[in-house]
Amino acid sequence: MLNDIVTPAVAGVVAGLGVAMPLGAVAALLLREGLVNGFRTAAAGAAGVATVDVVYCIIAALTGATFAPAIEDHRSVFLLASGALIVAIGVRQLWQGVRQSPRGAPEVERASALATFGRFVGLTAVNPITLVYFIALSGAVTHSGGSWIAPVIFVAAVGGASLVWQLLLAWVGSAFGGALSLSATRAIGVIASFLIVALGIVVVANGAAALR
């Protein structure tokens with residue numbers, strides 16, 4: 001029972017931070033939202049981003065549950081494929097983070113908290129990589145024990161980690177977003193990308209162990 005709680009909780013926090021931390025256009029907009037409109041409005045945008053992460057994670061977990069019997073029959077192959085996909089996503093994010101400037105997002109316009117929430121939901125939802133990432137990871141993590149507790153804790157941990165990170169960005173933007181250097185934003189993106197790659201390697205290692 002303890003393993004059904006601790007393992008998905010830790011995996012969910014790491015997964016939530018891994019998908020949330022890369023500073024692309026949405027994160028840059030969130031920083032600027034805090035700088036222009038203050039923390040309250042930026043926090044609404046942060047909630048919008050975290051909401052999409054949770055919805056995508058739920059979809060991934062439910063999809064994984066639907067195909068759980070087939071996945072269990074070919075668990076080692078699924079883990080190897082999922083791990084390789086997660087590593088590829090991490091490498092892709094790392095490459096994009098190195099090549100692209102996170103300052104390239106359009107200027108933020110003044111808006112209400114509700115409008116900001118809706119705008120950030122839309123901006124985050126159009127990125128299909130997030131859904132693919134959660135499908136690959138949640139299937140590998142939440143179905144190992146067959147318990148319903150693990151997927152619920154995993155989703156909750158993903159949502160909590162994502163929301164905390166997005167709120168941190170909103171606060172940084174409102175406090176001193178204009179002083180955040182390009183090198184600092186890139187460093188955070190690189191760390192997050194390596195975090196995703198590390199997750200993928202762990203999943204691949206579990207798949208290799210299952211083959212024995």
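The protein has nine helices and zero strands. Both are DSSP runs, numbered from the N terminus: helices are H or I with at least four residues, strands are E with at least two. This is a predicted model, in which local features need pLDDT of at least 70, side-chain atom pairs count only at pLDDT 80 or more, and totals for chains, interfaces and linings use all residues. Residues are numbered from 1 along each chain as its sequence is written, and side-chain values use heavy atoms, with hydrogens and water left out.

**Start with the whole chain.** Colour by secondary structure and follow the sequence. The pattern reads α-α-α-α-α-α-α-α-α. Now show the surface. The accessible surface comes to about 10,100 Å² (Shrake-Rupley method, 1.4 Å probe). Carbon and sulfur atoms account for 72% of that surface. Of the 212 residues, 44% are buried. Buried means under 20% relative accessible area, exposed over 50%, and partly exposed in between, with a 1.4 Å probe and protein chains only.

Next, contacts, meaning heavy atoms within 4.5 Å. Take those between residues at least 6 apart in sequence: 92% of them join residues at least 24 apart.

**Select Phe 120.** Phe 120 sits in helix α6 (residues 113–125). Is Phe 120 buried or exposed? Phe 120 counts as buried because its relative accessibility is 0%. Show its neighbours, not counting residues up to four places away in sequence: Phe 120 touches Val 26, Leu 29, Leu 30, Glu 33, Gly 45 and Val 49. Ala 44 and Phe 120 are 76 residues apart in sequence, yet 8.5 Å apart in space, C-alpha to C-alpha.

**Finish at Asn 37.** Asn 37 lies in helix α2 (residues 25–37). Its relative accessible area is 17%, so Asn 37 is buried. Which side chain does the side chain of Asn 37 meet in a polar contact? The partner is the side chain of Glu 33, at 2.4 Å. A polar contact is a pair of N or O atoms within 3.5 Å; within protein, one must be able to donate a hydrogen and the other to accept it, and residues adjacent in sequence count only if both atoms are side-chain atoms.
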